Amino acid sequence: MSTLLHVDSSPMGAYSVSRHLSSTFTEHWQKGHAGGTVVTRDLSMSGLVSITAAWVAAAYTPVEARTEEQKAVLAQSDALVGELQAADEIAIGVAMHNFGVPSVLKQWIDLIARVGVTFAYVDGKPQGLLTGKKITFLIATGGTYGPGTATASLNFVEPYLKTIFGFLGVSDVTFHTAGGAAALNYGANREEFLQPHDEAVAALAAA
Ligand SMILES: Cc1cc2nc3c(=O)[nH]c(=O)nc-3n(C[C@H](O)[C@H](O)[C@H](O)COP(=O)(O)O)c2cc1C
């Protein structure tokens, strides 16, 4: 049976567009995967630890040589990596914050990018170890950053996510971006705004 890891990063709760889209994805994924398992990870509620010198030292210490203290320092990271490794598919809701990803999502990425676990250097070359997984990013941006537009180069969300997950070995990456969500703050109808995105995301979940 398949497992979907559903991750959210927006702090905006029920008002969040990316959370709405990731929920739509999961709902349709469940319809197409009877008996499948969904694991949710809400990064805004997770109390993620920050990377410290002790964390780095522990991560670079071989497993068999780690002290009990080092094992404890890595415990949260180990759990998050375990969730990823156990998932066949991953859906991640992403809010654009200051042209990039929310800080909690960056923090999560820092915790799941683990040398010898999710990536390694083989003959001096990086090799991603998170292979055979499919990731769909459901992104919401206040402005619009379509390819070829004057603002496209300001969008660091998709390029960053493609780079880091490619580095970690995930090659099956799909993006769906709801651009122009700022219109919702100025009276645009929420249902009308979301409807074409819901349809597209439902199709992605069924793919
Ligand atoms: C702290 C913060 C920073 C933001 N920075 C940007 C930005 O740089 N560019 C942009 O187009 N929209 C920006 N926005 C607007 C959000 O991308 C937009 O509200 C989007 O819907 C966020 O996703 P969410 O609804 O899932 O929270 C920002 C919003 C917040 C709260």
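Glu-27 and Lys-31 both belong to helix H1 (residues 17-32), where four residues, about one turn of the helix, separate them. Helices (H or I, at least four residues) and strands (E, at least two) are DSSP runs, numbered from the N terminus. The model is predicted, so local features need pLDDT of at least 70 and side-chain atom pairs count only at pLDDT 80 or more, while totals for chains, interfaces and linings use all residues. Residues are numbered from 1 along each chain as its sequence is written, and side-chain values use heavy atoms, with hydrogens and water left out.

The side chains of Glu-27 and Lys-31 form a salt bridge with an N to O distance of 3.9 Å; the term denotes a side-chain nitrogen of Lys or Arg within 4 Å of a carboxyl oxygen of Asp or Glu. Glu-27 is partly exposed because its relative accessibility is 44%, whereas Lys-31 is exposed at a relative accessible area of 60%. In these assignments, buried means under 20% relative accessible area, exposed over 50%, and partly exposed in between (1.4 Å probe, protein chains only).

Six salt bridges are found in a search of the whole structure. A salt bridge joins Glu-83 to Arg-41, with the closest N and O atoms 2.8 Å apart. This pair links distant parts of the chain, since Glu-83 lies in helix H4 (residues 75-86) and Arg-41 in strand S2, 42 residues apart. Another salt bridge is formed by the side chains of Lys-106 and Asp-110, at 2.9 Å from N to O. Lys-106 and Asp-110 both lie in helix H5, four residues apart, about one turn of the helix. Lys-106 is partly exposed, with a relative accessible area of 34%, and Asp-110 is partly exposed at 27%.

The axes of helix H5 (residues 103-112) and helix H6 (residues 157-167) come within 12 Å and cross at roughly 15°. Axes are lines fitted to C-alpha atoms, for helices over the stretch in contact, and angles run from 0 to 180 degrees between N-to-C directions. H5 and H6 are therefore roughly parallel to each other; angles under 35 degrees count as roughly parallel, over 145 as roughly antiparallel, 65 to 115 as roughly perpendicular and the rest as oblique. The crossing of H5 past H6 is left-handed, a label used if the near helix is turned anticlockwise from the far one by less than a right angle, and right-handed if clockwise.

Most residues other than glycine have a negative phi. Phe-99, in the loop between strand S3 (89-95) and H5, has a positive phi near 70°. Phe-99 is partly exposed at 39% relative accessibility. Asp-123 also has a positive phi, near 50°, and lies in the loop between strand S4 (119-122) and strand S5 (125-128). At 78% relative accessibility, Asp-123 is exposed.

Ile-51, Val-56 and Tyr-60 make a nonpolar surface patch of about 280 Å². Patches are made of residues with over 30% relative accessible area and no salt bridge, like charges being joined within 9 Å and nonpolar side chains (Val, Leu, Ile, Met, Phe, Trp, Tyr) within 5 Å. Accessible areas come from the Shrake-Rupley method with a 1.4 Å probe; for residues, only the protein chains shown count as cover. Ile-51 is located in the loop between strand S2 (37-42) and helix H2 (53-59) and is partly exposed at 36% relative accessibility.
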